[in-house]
Amino acid sequence: MVFADLLFLYVFMPVCFAFYFLSKKTLYRMVFLIASVAASIGAYFLGTSLLDVTPERMLWISIVLVLLCIAFWLLNLFFDRNIYRNIVLIVFSLIFYAWGEPVWVFLLLISVAVNYAAGMLIDRFRGKKSATAVTAVALIFNIGVLMGFKYVGFFIKNINAIASLDLPVPPDDLMPIGISFFTFQIISYIIDCYWGKIQVQRNPFKLLMYISLFPQLIAGPIVRYSTIENQISERTSTPADISEGIARICIGLGKKVILANNLSTIVDTLFASGDLGALSVTGTWYGVIAYAMQVYFDFSGYSDIAIGLGRVFGFKFDENFRHPFISKNITEFWQRWHISLGSFFRDYLLYVPIFGKRRQYLNLFLVWFCTGFWHGANWNYIIWGLYFGFFILIERMIGNKRLKKIPLAVTHIYSKLVIIIGFGIFYFTDLSKLGIFFGNLIGANGNPLVDSVSLMNMSSNCLLILLCLICCLPVIPWLKKKLGELSKSDIYVYGRTAACIAIFLMSSILLVNATDNPFIYWHF
Amino acid sequence: MADYINDKELEELNEIYEQKRQNQKHPKKAKAEKAQKPDKPQKAPKPEKAQKPDKSNKSDKPEPQDAPSDKEKKLNRAHIISIIVSASLLFVTAIALVVIPRPTESALEKRKLAAFPEFSWDKYWSGEYTEEISEFYNDTVPLRDSFKELGAAFRSLFGISFGNEQIVGSVGDTSIGDETKVTTASTKPIVIVTPPPKDDSSPDVSSDVETPAPSKTDKPDKSTAPDETTPPDETTAPDETTTPAETTTPAETTAPEFHTPSDPDAEVLMQAGFNIVYNSNGVLHAGMLYSGNRENAQYFAATVDGLRRRINADLYFMPILTQNTFVTPSELNRGVYTELTDSQYLINVLGDRAKIIDTYKTLAAHADEDIYFLRDVHWQQLGAYYAMSDFAKAAGVEYPPLDSYTCRTRDCLGSTYTFTQFDALAGAYEDFTYYIPSNEFTVEYYDENYENPFEYPLMPENDYRANGFYSLFMVAENYIKHITTDADTDRTLVILADDYISAAVPCLTSSFKEIYVIDVRHCTFNAADFINEHGATDVLLAMTVSNALGDVGSYLDYLQ
């Protein structure tokens with residue numbers, strides 16, 4: 001299941017909210033129970049009359065619904081509020097994950113069980129060599145699972161190509177959704193346990209909730225255990241939290257559905273459906289700029305929804321994007337782009353002296369190799385990572401002070417060029433097409449300066465592009481600054497609510513019949 | 001305890017006690033004071049901002065504490081109202097989406113919508129079941145067609161709009177920059193004289209070398225246009241084994257006064273993928289740009305050859321030419337090659353693997369008639385009738401004159417509206433003229449497995465819908481049709497085709513005793529065996545060049 005989907009927005013989310021915020025007051029609980037049972041019975045009649053589901057099957061579905069409602073009601077009755085809410089989140093997170101690929105739920109559960117045991121053992125043997133051994137085993141297990149599902153095919157393909165072999169290549173669709181994200185969360189938990197930065201989680205269900213928490217399960221952000229350690233056990237959602245969380249969900253949805261999805265149409269028209277070699281210089285630049293913005297709005301939109309959902313449930317996730325396109329250099333860009341991934345590699349790879357004193361450069365190389373490789377089992381992703389690593393290395397060698405002396409216009413042009421070309425590398429998984437793309441950028445393929453299709457496309461999407469460019473800028477912080485005290489007033493909240501409802505409704509309308517709507521980072 | 005307390009400490013304790021006592025009397029005031037001066041009571045912060053309200057409100061109550069509290073209350077109330085409004089909207093919509101009956105088919109898209117899936121454990125564990133539920137939920141939203149129109153209207157705001165017409169660019173702009181791919185490609189003269197290629201590279205070389213792209217200044221004048229009007233049969237492969245197409249293409253057809261359509265002032269209003277909406281000569285047009293990939297020609301030819309070897313019937317291939325060749329201005333062509341050049345290329349590559357029915361010359365002779373729709377990707381039945389005359393001649397079967405049919409005209413709404421949702425197309429109806437054959441015949445419809453037959457009219461006029469007009473031809477493409485006619489012949493025809501052929505089938509009811517129509521995209525059995533088992537004497541393979549050189553062509557391979 002994905003966030004930009006009507007079934008998620010109008011079935012999963014409201015039902016989850018309803019169970020989560022089920023009041024402890026007896027009267028409300030009774031009303032809720034009666035309403036739930038009535039709804040379950042109503043579902044029987046709806047299912048049989050409108051959906052053409054056989055009465056026998058619908059009867060079973062209704063019975064399951066009734067039992068589910070009673071189960072939640074009992075849980076709410078007997079358990080402490082936070083325990084109840086954690087159970088709700090676990091159940092809905094597993095349903096969310098199982099909706100897409102039911103089989104892989106077991107992998108997730110096994111992974112949690114193994115790492116729970118590892119965490120307990122690390123704590124038990126703290127300070128001893130055994131703790132290091134357990135950590136190593138846990139890391140090998142986690143990385144092994146990731147490698148097994150995500151990279152084996154890539155390695156076999158390369159071995160086949162180099163050694164002229166014909167080893168069977170596993171299918172690409174064998175990879176569990178979001179494996180890169182939840183594996184990294186587990187790794188951060190294990191390493192932080194080993195380093196003593198966090199206390200080991202003794203309750204396996206709380207660890208399961210942390211790993212499986214559906215807002216960030218399949219496409220991040222990579223939420224560190226230390227970030228929400230306290231919130232797992234005790235958290236509250238104030239009206240401000242819920243209101244701002246809802247606003248964030250609407251903004252994220254708008255970014256994905258209104259901006260990113262329509263930008264993808266432009267990109268597909270120029271890069272996917274046509275003859276790439278015939279595309280003009282202008283068309284190529286236009287396409288890759290549109291793609292850069294598409295990835296940004298797609299991924300940051302998902303992060304916004306994740307952060308917003310977390311906020312509604314009382315979690316405070318760290319930001320994952322901070323207007324990356326206003327960066328003056330590449331170092332700054334990576335401090336603003338996919339922050340949770342950048343900080344993960346920084347803390348767990350860059351600052352670990354794997355290569356001794358020469359770590360500065362070799363670690364940097366390793367970090368950017370891993371950053372690229374993490375995004376996908378393909379050479380273009382590795383090139384993409386090393387490409388950025390190269391520019392960061394150059395910037396390090398120049399030094400911050402000297403960089404600051406360079407005129408702003410120059411640094412902005414430099415950073416935008418590097419970033420945009422970088423997204424071209426990111427897009428073309430086929431290296432031969434990547435070569436054509438590079439040639440197109442400078443007209444080396446004999447392609448014209450402009451072509452009619454690109455011009456048409458630009459004209460028919462000029463306002464969309466303008467809107468996207470504006471949205472790449474820190475408009476909301478700027479607006480808040482301009483409004484001053486007004487931005488902290490009730491009028492601002494009312495205005496924001498109206499705007500967000502409009503965005504939500506328009507996004508919903510655009511999602512009608514849009515069944516194939518995955519996020520770009522879904523499979524990373 | 002007193003031993004441990006000196007006078008100073010006692011004084012402090014008294015002070016604390018006194019303060020507590022005061023707090024109990026005035027808890028609000030004390031709370032505010034605590035907030036104001038927690039650390040250093042002697043240096044109370046200057047309540048500069050808080051003093052301002054004092055001027056307007058001369059109450060005894062300490063206003064500096066009340067003002068922010070009031071503001072906080074308002075803010076909190078605003079948050080709660082925001083939650084209530086948002087949650088109400090969400091829950092009401094969620095309930096409405098469950099309660100309101102869901103549509104089962106779309107009038108706009110002319111198709112049955114996704115159905116609620118049947119449960120099975122296999123489907124569940126593969127994720128297919130949940131995926132189909134999502135598809136059902138998203139596809140059958142109540143009022144979906146209205147919402148889609150609204151979505152299209154919203155998307156139309158992305159371009160610059162003047163009045164009711166969306167001006168988003170002019171094809172005349174193609175003169176900017178180098179004239180290479182777009183304009184010159186379509187003006188390539190069709191002079192392909194190579195025999196069927198023996199390797200993969202030769203066709204490209206031949207066509208590229210022998211069809212040099214003329215510069216813009218070289219573009220022939222419409223009055224003369226010697227190259228563009230070169231009849232394609234002059235360009236076909238002069239193979240030693242003369243293809244039936246060459247022998248049967250009616251020589252009496254006069255050389256068409258036809259030129260590659262051109263309109264430098266054509267104005268593109270909207271483009272989404274290969275779907276395009278444009279104004280040409282003041283008329284709103286819509287269609288789908290040509291998208292064939294000639295790299296697939298060898299594969300297609302090999303597939304056709306495989307089919308030919310497996311069947312005991314004469315195999316004909318008809319590359320169907322669409323509005324791309326006869327209507328769409330060449331300036332809009334997206335690729336290097338055009339539909340016409342690729343059709344000739346494909347014919348050359350096929351060589352004698354099938355009897356070629358090249359309809360270019362015939363259709364070009366009637367290009368000034370309404371043989372294509374203006375805003376639909378298909379051809380009018382008139383175009384199909386002319387094209388089928390070539391096939392009838394090649395097959396040597398009877399072909400009744402046009403005046404033997406009952407002709408009717410109705411309004412129709414082109415399918416391009418469905419694909420583009422472009423507002424201007426919503427009410428842009430045009431004439432749909434169809435011809436009902438006069439002889440007697442019955443039609444049986446079968447499912448994709450050639451099972452569950454039922455009888456239904458060939459052209460069910462009672463079911464006519466303007467926005468689903470093409471369904472007038474044999475209901476839907478996914479059915480396999482078996483037509484039994486009163487034609488005075490014992491020949492049986494099997495047609496393997498895409499949906500273009502639907503308009504042409506009624507023209508053949510007097511030509512064959514039995515006709516089977518199979519859309520290759522909706523067939524699950526071995527077509528070659530089917531052809532042999534049903535005693536077919538003739539097999540017509542007919543599809544657009546885009547489809548033959550695209551995915552549809554590959555279905556043939558699958559069907560064998």
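In strand β17 of chain B, Ala542(B) is the bridge partner of Met318(B). This is a predicted model: local features need pLDDT of at least 70, side-chain atom pairs count only at pLDDT 80 or more, and totals for chains, interfaces and linings use all residues. Residues are numbered from 1 along each chain as its sequence is written, chains are lettered from A and ligands numbered from 1 in the order in which they are written, and side-chain values use heavy atoms, with hydrogens and water left out.

Seven bridges join β8(B) to β17(B), residues 538-544, and the two strands run parallel. Strands pair if DSSP finds at least two bridges between them. Strands themselves are DSSP runs of E with at least two residues, and helices are runs of H or I with at least four; both are numbered from the N terminus. β8(B) also pairs with β9(B), residues 355-356, through two bridges. That pairing is parallel too. Here Phe317(B) stands opposite Ile356(B). Buried means under 20% relative accessible area, exposed over 50%, and partly exposed in between, with a 1.4 Å probe and protein chains only.

Now take chain B as a whole. It has 19 helices and 17 strands. Of its 560 residues, 50% are buried. Contact means heavy atoms within 4.5 Å. Among contacts in chain B between residues at least 6 apart in sequence, 73% join residues at least 24 apart.

Thr509(B) gives a local view. It is found in the loop between β15 (492-497) and β16 (514-519) of chain B. Its relative accessibility is 0%, so Thr509(B) counts as buried. Leaving aside neighbours within four places in sequence, Thr509(B) is in contact with residues including Pro437(B), Asn439(B), Phe441(B), Leu458(B) and Ile515(B).

Asn452(B) sits in another loop of chain B, between β12 (441-446) and β13 (454-455). Its phi is near 50°, a positive value in a residue other than glycine. Most residues other than glycine have a negative phi. Asn452(B) is exposed, with a relative accessible area of 55%. His338(A) lies in the loop between α14 and α15 (339-350) of chain A. Is His338(A) buried or exposed? At 0% relative accessibility, it counts as buried.

Arg102(B) is placed over two rings. Its charged end sits over the ring of Phe136(B), 5.6 Å from the centre. Arg102(B) also lies over the face of Tyr137(B), at 4.3 Å from the ring centre. The criterion is NZ of Lys or CZ of Arg within 6 Å of the ring centre and within 35 degrees of the ring normal.

Rings also pair with rings. Over all chains, the structure holds 96 aromatic pairs. Rings of Phe, Tyr and Trp (its six-membered ring) pair if their centres lie within 6.5 Å; planes under 30 degrees apart count as stacked, over 60 as edge-to-face and the rest as tilted. Trp334(A) and Trp368(A) form an edge-to-face pair, 4.9 Å centre to centre with 70° between the planes. The pair links distant parts of the chain: Trp334(A) is in helix α14 (330-336) and Trp368(A) in helix α16 (359-375), 34 residues apart. Trp334(A) is buried at 7% relative accessible area, and Trp368(A) is buried at 9%. Phe428(A) and Phe437(A) have ring centres 5.2 Å apart and planes at 35°, so this pair is tilted. Both of these Phe residues are buried.

Finally, the nonpolar cores. Such a core is a set of buried Ala, Val, Leu, Ile, Met, Phe, Trp, Tyr and Cys residues joined through side-chain atoms within 4.5 Å. The largest has 160 residues, and those with the most contacts inside it are Phe8(A), Phe214(A), Leu309(A) and Phe423(A). Helix α13 (281-312) of chain A gives the most to this core, with 16 residues. Not counting residues up to four places away in sequence, Phe8(A) touches Phe96(A), Phe214(A) and Leu309(A), among others. Apart from this core lies another, of 97 residues, among them Ile371(B), Leu493(B), Val505(B) and Ile531(B).

Phe423(A) is one of the buried residues of helix α19 of chain A, as are Ile419(A) and Phe426(A). α19(A), residues 408-427, has 20 residues and reaches 29 Å from its first C-alpha to its last. That is close to the 28 Å expected at 1.5 Å a residue, a span taken as 1.5 Å times one less than the number of residues.
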